[in-house]
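Q: I have not looked at this one before. Can we go through it step by step?

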Amino acid sequence: MNVSIIETSGLGDRSYLISEDDVAVVIDPQRDIDRVLDLAGGVRITHVLETHIHNDYVTGGLELSRVTGAEYVVPAGDDVDYERRAVKDGDVIDAGPIRLQVMHTPGHTHHHVSYVLRDREGSVRGVFTGGSMLHGTTGRTDLVGPEHTDELTHAQFKSIRRLAAELPDDTEVYPTHGFGSFCSATPASGDSSTIAEQKQSNPALTKEEQDYVDELIAGLSAFPAYYAHMGVINKHGPAPVDLSPPELVDPAELRRRIDAGEWVVDLRKRTAFAAGHLEGTRAFELSDSFVNYLGWLYQWGAPLTLIGDTKEQIADARRELVRIGVDNVTGSAVGDVSTMTNGTELRSYRVADFGDLAEVIGKGDFTVLDVRQEGEYGDSHIPGAVNIPLHELADRIHEVPAGEVWVHCGSGYRASIAASMLDRDDRTVVLVDDAFATAGDLDLTA
């Protein structure tokens with residue numbers, strides 16, 4: 001029996017393909033199912049399983065079941081608009097040599113389940129925990145709605161305790177979330193784990209119930225705005241994925257779209273954007289953070305045009321975007337951005353580090369803008385810095401003074417997006433492209 005991992009690093013998630021002989025079962029697939037089909041090869045997928053209705057991505061489960069003829073398995077209690085097998089606690093999915101027992105593990109959602117993997121002899125081989133037990137943490141409990149958070153946090157504690165009590169210590173733990181996903185209550189740790197290791201590190205197993213509940217709720221930070229759309233799409237049934245390349249647009253049409261206020265996103269490296277970019281475009285460097293932050297700030301349903309160095313970069317961005325249901329990509333422009341100006345001048349701004357900031361702080365008339373979340377700012381910040389979290393900046397941009405603005409975050413990524421939003425004639429923008437830990441090393445923080 002083999003368990004193959006399908007990483008989706010941009011969302012911090014994993015999907016799984018379990019195979020033995022000529023049979024396979026898939027758990028929590030992403031929308032771009034070609035990756036699953038390529039991995040399966042000639043093995044027959046008989047079942048597709050969901051641990052829960054996902055809030056951070058559009059599932060590929062429904063389409064994968066249609067394409068392969070596999071049985072689609074969804075937790076009972078979830079109200080969906082398509083045919084599926086609704087499973088409850090104790091049910092068994094029998095895929096010949098692969099058997100999976102359903103364990104109701106509420107917390108991340110009300111109807112969340114985990115799947116206990118057994119071999120032919122009935123021995124436990126692993127458990128697929130979705131957004132329940134993660135590596136060194138648990139799934140967050142506030143995505144269903146604030147009125148349910150306390151109840152679900154207590155339920156999450158009990159679910160983790162049940163998993164630890166009923167499964168052997170050597171059981172491999174295979175979560176869907178926790179590899180950078182905002183669905184994780186706190187950052188997860190490690191690439192693999194067992195029940196025994198979780199008994200030593202998971203807060204739901206090392207703390208008393210009320211302490212766990214209080215600390216989890218107190219530590220919850222903001223999550224991407226696009227999450228509001230994922231559950232709705234997944235309950236109705238996602239449309240088949242479209243990964244076709246968007247049409248190329250010429251410089252005149254590109255300028256028309258920018259002037260009309262449409263979303264035109266530049267995928268190039270943030271330093272390249274700073275060195276030269278089209279006025280009115282937004283910088284979202286194509287990296288592991290790309291889809292979370294674009295999805296967070298994006299005006300849902302708006303037409304989107306992409307600028308990239310290569311067609312491959314456009315295709316990669318397209319794939320990332322369909323995973324969160326951003327399908328309205330209406331055009332692209334590829335190549336040297338200086339050829340896309342349509343007679344206008346490129347804009348640019350300075351890139352600096354915290355060492356540069358240390359040399360000028362207290363000596364000039366400028367604003368330091370910190371676009372990290374409030375909790376990050378509360379832990380440590382540069383005295384006098386204005387804190388406007390990136391996801392609030394569009395609505396609060398009037399709070400940023402005119403003149404010179406040095407903008408930073410924890411790594412430079414969020415700051416680069418903010419810098420592109422701030423770049424205009426009445427401001428001089430400086431992007432601090434540096435790790436915030438460096439500011440502490442230079443005694444800039446309090």
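**Aromatic pairs and a sheet**

A: Tyrosine 212 counts as buried, at 3% relative accessibility. Keep in mind that this is a predicted model.

Q: Which ring does tyrosine 212 pair with?
A: Tyrosine 212 forms an aromatic pair with phenylalanine 157. The distance is 5.6 Å centre to centre, with 45° between the planes, and the pair is tilted.

Q: Where do the two sit in the chain?
A: Phenylalanine 157 is in helix α3 (residues 149-166) and tyrosine 212 is in helix α6 (residues 209-219). They are 55 residues apart, and the pair links distant parts of the chain.

Q: And phenylalanine 157, buried or exposed?
A: Phenylalanine 157 is buried, with a relative accessible area of 7%.

Q: How many aromatic pairs are there?
A: The count comes to 17 aromatic pairs. One of them joins tyrosine 16 and tyrosine 174.

Q: Why is that one called edge-to-face?
A: The planes of the two rings are at 65°, and an angle over 60 counts as edge-to-face. The ring centres are 5.5 Å apart.

Q: Which strands hold tyrosine 16 and tyrosine 174?
A: Tyrosine 16 is in strand β2 (residues 13-20), and tyrosine 174 is in strand β11 (residues 172-175).

Q: What are their relative accessible areas?
A: Tyrosine 16 has 0% and tyrosine 174 has 16%. Tyrosine 174 still counts as buried because its value is under 20%.

Q: Which residues form a cluster of rings?
A: Phe182, Tyr293, Trp296 and Tyr413 are linked into a cluster by ring pairs.

Q: Which arginines lie over a ring face?
A: Arginine 282 lies over the face of tryptophan 263, 4.0 Å from the ring centre. Arginine 372 lies over the face of phenylalanine 436, at 3.9 Å from the ring centre.

Q: Changing topic: what is the strand order in the open sheet?
A: The order is β13-β12-β14-β15, four strands with parallel pairing. At the edges are β13 (282-283) and β15 (329-334), each of which pairs on one side only.

Q: How many bridges join β12 and β14?
A: Strand β12 (residues 263-266) and strand β14 (residues 304-308) pair over four bridges, in the parallel sense. Valine 265 stands opposite leucine 306 in β14.

Q: Which helix packs on the sheet?
A: Helix α11 (residues 311-322) does, touching β14 and β15. The direction of helix α11 makes about 140° with that of β14.

Terms used. Residues numbered from 1 in each chain as written. Predicted model: local features only at pLDDT ≥ 70, side-chain atom pairs only at ≥ 80, totals over all residues. Heavy atoms only, no water. Phe/Tyr/Trp six-rings, centres within 6.5 Å; stacked < 30°, edge-to-face > 60°. Buried < 20%, exposed > 50% of the residue type's maximum accessible area, 1.4 Å probe, protein only. Lys NZ or Arg CZ within 6 Å of the ring centre and 35° of its normal. Pairing = 2+ DSSP bridges. Contact = heavy atoms within 4.5 Å. Axes fitted to C-alpha atoms, helices over the stretch in contact; angles between N-to-C directions.
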